[in-house]
Amino acid sequence: MASKGGPMVMGTDGTDFSHRQRVATHYLLSAQSKSRLKYCIFFHYLLFFAMLAKLSADILDRIDVFILEIEELQIPQPLWWEYLWCISLLLSFLGLSAARKNKISLMKRYMLGIVLFGIGPVLYAAGYYFQEAWQYIRTGDTEDLHLWQGFPYALLWFAFIILALQVHFFSLYFAWSLVQAWKARGAAKSK
């Protein structure tokens, strides 16, 4: 055994430690995927707050609260998919809990929920606004389009849709990576 600054043990060149310095790949993959999933969930929260700002006028109308500054923005009435998409935020707590406890079944529920309440409503919105966005991209004419604050409403939604799809697909990828790493850990334990 060598001490700091002391003599080295006879019969070794100091490189015999390399086999003890490796971390099993499934542990490494699990740690990386957990960290990346947390980032994805953070971006999901940011998207949720943007959606909440959009829904604030409708929510305040439903509870009979009048705020002049919000009413002056003339925010369009929300569609059902916007509220349905907001449910996907609740699933983030399930995903974080699954990651903390290393539970495969919880992570699979999180993944199913993201597909149903995250990706599903966003794909519906993409189909709903596609025609109007395509018309603006082709012609550049805003005459027959819905505008909000001078911007084509469909293009604003497509910016949100693209970001939301990226966040949800990356979340699914990292959740799937965690499930695979946890299964590999279980297989290694059973040997």
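1. A nonpolar patch, as the term is used here, joins nonpolar side chains within 5 Å, taken from residues with over 30% relative accessible area and no salt bridge. In this predicted model, one such surface patch consists of Phe49, Leu52, Ile59, Ile63 and Val65, with an area of about 410 Å².

2. Val65 is one member of that patch. Its place is the loop between α1 and α2 (68–72). Val65 has a relative accessibility of 32%, so it counts as partly exposed.

3. In soluble globular proteins, nonpolar side chains tend to be buried together.

4. Trp81 deserves a separate look. Setting aside residues up to four places away in sequence, Trp81 touches Met51, Pro121, Tyr124, Ala125, Tyr129, Trp157 and Phe160.

5. Ile161 belongs to helix α5. Its relative accessible area is 2%, and Ile161 is therefore buried. Beyond its neighbours within four places in sequence, Ile161 is in contact with Val122, Ala125 and Ala126. The C-alpha atoms of Ile161 and Pro121 lie 9.7 Å apart, while the two residues are 40 residues apart in sequence.

Technical notes. Residues are numbered from 1 along each chain as its sequence is written. This is a predicted model: local features need pLDDT of at least 70, side-chain atom pairs count only at pLDDT 80 or more; totals for chains, interfaces and linings use all residues. Side-chain values use heavy atoms; hydrogens and water are left out. Contact means heavy atoms within 4.5 Å. Helices (H or I, at least four residues) and strands (E, at least two) are DSSP runs, numbered from the N terminus. Buried means under 20% relative accessible area, exposed over 50%, partly exposed in between (1.4 Å probe, protein chains only). Patches are made of residues with over 30% relative accessible area and no salt bridge: like charges are joined within 9 Å, nonpolar side chains (Val, Leu, Ile, Met, Phe, Trp, Tyr) within 5 Å. Accessible areas come from the Shrake-Rupley method with a 1.4 Å probe; for residues, only the protein chains shown count as cover. A salt bridge is a side-chain nitrogen of Lys or Arg within 4 Å of a carboxyl oxygen of Asp or Glu.
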